[in-house]
Amino acid sequence: MGHDSRPVEPEQERTGERLARWADSRLGHRRVARSARRLVFPDHWSFMLGEIALYSFVILLITGVYLSFYFHPSSDLVVYQGGYAPLRGQLVSEAFDSTLHISFDVRGGLLVRQAHHWAALVFVAAVLVHMLRVFFTGAFRKPRELNWVLGFGLFVLAMFAGLTGYDLPDDLLSGTGLQVVNGTILSIPVVGTYLSFLLFGGEFPGDDLIARFNTLHVLGIPALMVALIVGHVALAVRHRHTQYPGPGRTRGNVVGLPPKVYAVKAAAYFFLVAGVIFFMAAVAEINPIWDYGPFRPDQVSAGSQPDWYMGVADGLLRVMPGWEIDFWGHTLALDNLLPLLAGVLLFLAMGAYPFLEAWVTDDDREQHLLDRPRNRPVRTALGVAWLSVYAVALIGAANDIIATRLHVSVNAVTWAVRLGLFVVPVLAFGVTKRVALGLQRRDRDLVLHGRESGIVKRLPHGEYVEVHEPLDRARLHTLTAHEQYRPLDAASARDGDGAVPRRTQRLRTGLSGFLYGPGTQVPKPTASEHEEITGRHES
């Protein structure tokens, strides 16, 4: 990818040497402690999104430990004799019995349980929004590709942690969701049955389901999440924080708060996040399992909805036609398999994007200054299109609720979602790209003509014009500091030895033109254009 100051191409290297240099530039040999002492934290509101995720995770750990003292992860049946009168005398599992005990008989148990659930929702949302901030600002570029992968892995683990968590109470709502999970697993060719038996401890629902999910939820997944968070923070310290462009901010420095000042603000922010979560837990009821009742394999909860982060999977399942095919004497349940593949591809596209953009741009420099989303119209449009798929699928997960509340046919809602999955992303991409280009043109006009002052002046020949005031240097720097790439041509798309296959060359060149070709960015004003028009205004 061409740019204003293209780095000199490195000499021919062996594959092992190139891999070692790539790893060293991202992991480095300097000690993390040394980098921590020199750490500076830029002061911008968007950086708080990651802190919300971290603080809600801490609340999850604290409340989870408290709940584990009273929860019994067992499928053994007992007669409920607790404080909730409508269910007394009913045969329930120990898991359901202990969850009701926490909710009605343990002092503060319901508050802690609801805080745990709300913290989980906030945590997944904060991780996703934080990743979107990283994506739209280009903070995933070298040397932070591995940090993106760790964040992506944390997001996926958070979704599965929530799935295993809200299935533990063994109520009818969670059991309905587990039936959907089991059907999706069984649709996987060859290994689906084995995976189902491994997960549920036998034929669904199995006798070891709750115990195994509890082990995953309490030990396995949290341990992996802690490891990813530690690695994520360590790499962030090693590479220092990204920052938005501005006067005095370069790729070699960071302008922000010292660690002591940041620590005080972070502590206050933690208590603010904790207060908001516990306030929601106190005033907003969530997952009232006593209304759903205990799980029974022969019953399905009407109007059942998963937590929002699993809604995309449920929505894809609901709108998929009931297709099945026979293949070599086996039946493939495409109505479950295709939504599973579509969901996996949707998330893999998110995880792999930094490496795809690095390959297309051919930019091997370290990037420490963030992009304004408007200056990368195609990347921004791709992100919005990805979000639109997520949103439409989430609507599909509520097709029965929407049909009931709005008094329309559920088939009409389902078909609208089916069409929306193909139409809405294209519209979102086109609209977002046009908006970003429009904002670029507005920035160009501001640089060339200044801002409107609101003062109207009459010229000697009778014409009325509005006086424009020139922008200050800080504003000019913000609007013009970004770098504009040039698309690759066939010759520059080759590797150093020129041995790239022809199809790969065409693909790389085509993607480069798609991202940065004609019609994808508005040229920045040159210094001569700015001086000429500024002088004309002054005269």
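Colleague: Are arginine 372 and aspartate 443 buried or exposed?

Modeller: This is a predicted model, in which local features need pLDDT of at least 70 and side-chain atom pairs count only at pLDDT 80 or more, while totals for chains, interfaces and linings use all residues. Residues are numbered from 1 along each chain as its sequence is written, and side-chain values use heavy atoms, with hydrogens and water left out. Buried means under 20% relative accessible area, exposed over 50%, and partly exposed in between (1.4 Å probe, protein chains only). Arginine 372 and aspartate 443 are both buried.

Colleague: How many residues apart are arginine 372 and aspartate 443?

Modeller: Their side chains meet in a salt bridge (a side-chain nitrogen of Lys or Arg within 4 Å of a carboxyl oxygen of Asp or Glu), here 3.1 Å from N to O. The pair links distant parts of the chain, with arginine 372 in the loop between α13 and α14 and aspartate 443 in helix α16 (residues 410–449). Helices are DSSP runs (H or I, at least four residues), numbered from the N terminus. The separation is 71 residues.

Colleague: What is the N to O value for the salt bridge of arginine 379 and glutamate 357?

Modeller: Arginine 379 counts as buried at 2% relative accessibility, and glutamate 357 does at 5%. For the salt bridge between arginine 379 and glutamate 357, the value is 2.9 Å.

Colleague: How many charged residues are in the lining of the largest cavity?

Modeller: A cavity is a set of points on a 1 Å grid over the protein atoms alone where a 1.4 Å probe fits but cannot get out, and lining residues have an atom within 4 Å of a point. The largest cavity is lined by 15 residues, and α13 gives the largest share, 4 residues. Asp, Glu, Lys and Arg count as charged. In this lining, the charged residues number 8.

Note on methods. Helices (H or I, at least four residues) and strands (E, at least two) are DSSP runs, numbered from the N terminus. On a 1 Å grid over the protein atoms alone, a cavity is a set of points where a 1.4 Å probe fits but cannot get out, and a pocket is an open set with protein on both sides within 12 Å along at least five of seven lines; lining residues have an atom within 4 Å of a point.
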